[in-house]
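Me: I would like to go through this structure term by term. Please set each value against its cut-off.

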Amino acid sequence: MSTPTVSTGPLRRVPVQGRSVARVQRMLDACAELVDEVGYEGLTTTLLAERAEVAIGSVYQFFPDKRAIVQALALRNMDAYLQSLSDRFASETFTHWWDAVDAAIDAYIHMHRSVPGFRTLHFGDVVDLHLLDSDRDNNAVIAERLAELLIEQFKLADRGRLRFALQISVEAADALIKLAFRRDSTGDESVLTEAKALIREYLHRHVSA
């Protein structure tokens, strides 16, 4: 998978030189660690600067406030998630496109278990339901990007029904996966299994492609 990039969206200044890019990535890594430890409300730019081992002025050089830092982290996580799916879709053969949706759910679960800060932030919901895009809620952004990947990879007809079904699926899977991690810090397998079965049955019943 490619090295995560820094989204220009929330940045006050775009890092160009290698050292600046590395410094911003350290800030995002520190943000991810801290939100797991103290939550979004407990996160401060001072704490972040200390954890990232940068001057507080360096934080404000690139970010206007902690919300912008969390937004950049959420966008980095989204890019990493979608890149992992794109790589997997390109390297594996799926019997049907909804098997790829199953793989997308697995990747989302894996991020909860392995990516610092993700179980707390997800794609920014704890801060703002429109953190990824001011016009659409976060799950709608993910559903749209997933639809684009599926349409491209499996040559599906670009139909409104497919996009609508994927949005419903993303909302349902998101809610159930959050429930699984509330019940068990590593993810309650019984809930995760039911989530995948529910989504597969729904897609099989409502979308024929």
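Me: Why is isoleucine 177 called buried?
Reply: Its relative accessible area is 0%. Buried means under 20%, exposed over 50%, and partly exposed in between, with a 1.4 Å probe and protein chains only. Isoleucine 177 is therefore buried. The model is predicted: local features need pLDDT of at least 70, side-chain atom pairs count only at pLDDT 80 or more, and totals for chains, interfaces and linings use all residues. Residues are numbered from 1 along each chain as its sequence is written, and side-chain values use heavy atoms, with hydrogens and water left out.

Me: Where is isoleucine 177 found, and what is it in contact with, leaving aside neighbours within four places in sequence?
Reply: Isoleucine 177 is in helix 8. Helices are DSSP runs of H or I with at least four residues, numbered from the N terminus. Contact means heavy atoms within 4.5 Å. With neighbours within four places in sequence left aside, isoleucine 177 touches Ile105, Tyr108, Ile109, His112 and Leu192. Glutamine 83 is 94 residues from isoleucine 177 in sequence and 21 Å from it in space, C-alpha to C-alpha.

Me: Why are helix 8 and helix 9 called roughly antiparallel?
Reply: Helix 8 (residues 160-183) and helix 9 (residues 189-206) pack at about 170°, with axes 9 Å apart. Axes are lines fitted to C-alpha atoms, for helices over the stretch in contact, and angles run from 0 to 180 degrees between N-to-C directions. Under 35 degrees counts as roughly parallel, over 145 as roughly antiparallel, 65 to 115 as roughly perpendicular, and the rest as oblique. The two helices are therefore roughly antiparallel.

Me: Which residue classes make up the contact of helix 8 with helix 9?
Reply: There are 16 nonpolar, two polar and two charged residues. Ala, Val, Leu, Ile, Met, Phe, Trp, Tyr, Cys and Pro count as nonpolar, Asp, Glu, Lys and Arg as charged, and the others, Gly among them, as polar.

Me: What makes helix 1 and helix 4 roughly perpendicular?
Reply: The axes of helix 1 (residues 18-42) and helix 4 come within 10 Å and cross at roughly 110°. By the angle ranges for helix pairs, helix 1 and helix 4 are therefore roughly perpendicular. Among the residues in contact are Gln25, Leu28 and Asp29 of helix 1 and Lys66, Arg67 and Ile69 of helix 4. The contact divides into eight nonpolar, one polar and five charged residues.

Me: Why is the pair of tyrosine 108 and phenylalanine 118 called edge-to-face?
Reply: The search of the whole structure finds nine aromatic pairs. In this pair, the ring centres are 5.6 Å apart and the planes are at 85°. Rings of Phe, Tyr and Trp (its six-membered ring) pair if their centres lie within 6.5 Å; planes under 30 degrees apart count as stacked, over 60 as edge-to-face and the rest as tilted. The pair is therefore edge-to-face. Tyrosine 108 is buried at 9% relative accessible area, and phenylalanine 118 is buried at 0%. Ring pairs link Tyr81, Tyr108, Phe118 and Phe123 into a cluster.

Me: How do you know whether glutamate 53 is buried or exposed?
Reply: Its relative accessible area is 69%, so glutamate 53 is exposed. Glutamate 53 lies in the loop between helix 2 (45-52) and helix 3 (56-62). Its phi is near 60°, a positive value in a residue other than glycine.

Me: What makes aspartate 36 partly exposed?
Reply: Its relative accessibility is 42%, so aspartate 36 counts as partly exposed. Aspartate 36 lies in helix 1. Glycine 117 is 81 residues away from aspartate 36 in sequence and 5.1 Å away in space, C-alpha to C-alpha.
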